[in-house]
Amino acid sequence: MSRNRELLLNNASFGYRGAPVIADATLRFREGCVTAILGSNGSGKSTLMKGILGLADCLNGQISLDGRDLRQLSDMERARTLAYLEQQADCHWPMPVEKVVELGRYPYRHHRLPAQDLQAIDRAMDIADVKAMAGRKVSQLSGGERTRVMLARALAVDAPILLADEPVAGLDPQHQLSVMQHLRSWSSDGRIVLVVLHDLNLALKYCDESVLVTPDRQLISGPTAQVVNEENVRRAFGVRSLVGSHEGQPYILPWDVESC
Amino acid sequence: MSRSLLLTTLTMGLLAVMAVSLMTGRGAGLTWPGWDWQSQLILWEIRLPRTLLAAICGAVLGMAGAVLQGWLRNPLADPGVLGISSMSALGAVMAMYFGLFTVSWMVPLAGILGAIAGFWILITLIGKESGILLIVLAGAALNAFSSAMTALMLNLAPNPFAMQDMLFWLMGSFEHRSLEHLWLIALPVLIGMTLLYRLSPALDVMALGEDTAHSLGISGRRVLWSVGLGTALAVGACVSVAGVISFAGLVVPHLLRPLTQWQPRLLVLPSALAGALLLVCADVLVRMLPPGQELRIGVVTALLGGPFFLWLLRHVRRAEVEL
């Protein structure tokens, strides 16, 4: 394995049916980093992720991991490289929790190493705190519990890149913080983690870098403390905020809708 | 219930009813076939093809039902949902309309061609997409079109006898089928069932939705081709020799789902066995009824299946609030 992996978007445009949603994105995501993708509803955060995954069309530019074009990978290779937690992920049938988590190992089914599979599943269930739910059906769980099961499913892929689309939506404060904490330690194992978030403070606290998508589809990227400031938040969301800091850690409180 | 116990029970049950079917004559009840040449002829030339055909059709319908319900994430899907089986029926009816039933393999062949044409139209209608909703709607369109064409054939039937033939054929039957018919459908059924069975591991992943399935390495397009071609070959071949047999493919997966932990992957094989069991049973029942006008198998499955299904839904809703 090479040191210091990086996922590179070079002038990439993503969209559907030929119409770009994200245009000319040049971004660099480094290993060991959690990057927050921020922006208002419909600004194209999910499209950015889907473009990397090949779910949205890549209209021009390159996406590469360590210099290797991601679109050259076979379906299964790509599945082992990129783990994806869909927004509002759910399981259609009332399957047992551990069977759902196990599906994260599907990309390895042709060269199965049972010990490695079990280890990955076990660790994923530990991190997402779903071990206690083993044996129950996903349909019997609350919305937040189900979200954690789906997170465990994505972690079980054990891929070098994790793309999580709103992984904390609908979670209680404790689980929001612990999921973010775990995503951070997940990245420190040499992984690249991208998270779509709506909570600016979770970004400030847990994400090293941020990409802010503005309503006019400009991308502002850099260290989170520089990206998530009063001026950029006003530009991206049209709200005035209160800013402060606690023990050297900045926080921001969206306070008022800006009147035009 | 453990999986091996379930599979063993179903296999034993299937073998038992197949044995009963071999001993059942029309309106004659259970009789052990004698060793004289007439009894042997009846056994090998009449009852064996009939029993095997019922088992094969049941297995195909059960398996296709389980795969389609899992793939479309819709418990209401059945082998006919893509419109391919009604295209197969249309092919067979057209062959009858043009008087091609003098040669015994002409109608089945036309049925299989109809199914393949149906698959081709479906793929063309869908274009480059592979979204589930579009597929279901395209299937509905194909169903409507082929049913209308079949009705047109009946409407324009050259004489009442031809019309009666077509109608009876549409109701489904395993009567008067020979080993020749079995050989004719053996290859398409084998290829079709292999295509469908090989999809089963992917079905669990499909439960997570199309985007997540894509991210786990499943190509929606490839799955569509496997399901479409598998259904066209296996279901198309069965419809082309046995006519339209409704309900089996819908009910069987429902019955077994609670016994397979709701995992679509684990449902495929038991559904094939249970489908075979169900149709062989239904065919025995048809022959045990008093002689006279024989009830068609498609009529029997729908007649028994409908009320039973309603009962099942009410029962399941009480026991399992989740579905």
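# A guided look at two chains

Visitor: Where does Phe247(B) lie?
Guide: Phe247(B) sits in the loop between α10 (220-242) and α11 (248-256) of chain B. Helices here are DSSP runs of H or I with at least four residues, strands are runs of E with at least two, and both are numbered from the N terminus. You are looking at a predicted model, where local features need pLDDT of at least 70, side-chain atom pairs count only at pLDDT 80 or more, and totals for chains, interfaces and linings use all residues. Residues are numbered from 1 along each chain as its sequence is written, while chains are lettered from A and ligands numbered from 1 in the order in which they are written.

Visitor: How many helices and strands does chain A have, and how do you know that chain A is as compact as a globular protein of its length?
Guide: Chain A has nine helices and 12 strands. Its radius of gyration is 18 Å, close to the 18 Å that the globule rule gives for 260 residues, so chain A is as compact as a globular protein of that length. The radius is taken over C-alpha atoms, and the rule is 2.2 Å times the number of residues to the power 0.38.

Visitor: How many residues of chain B are in contact with chain A?
Guide: 20 residues of chain B are in contact with 24 residues of chain A; contact means that the C-beta atoms of two residues, placed from the backbone, lie within 7 Å. On the side of chain B that touches chain A, α9(B) gives the most, with four residues.

Visitor: Which residues does Val60(B) touch?
Guide: Not counting residues up to four places away in sequence, Val60(B) touches Val189(B), Met193(B), Ala234(B), Val235(B) and Cys238(B).
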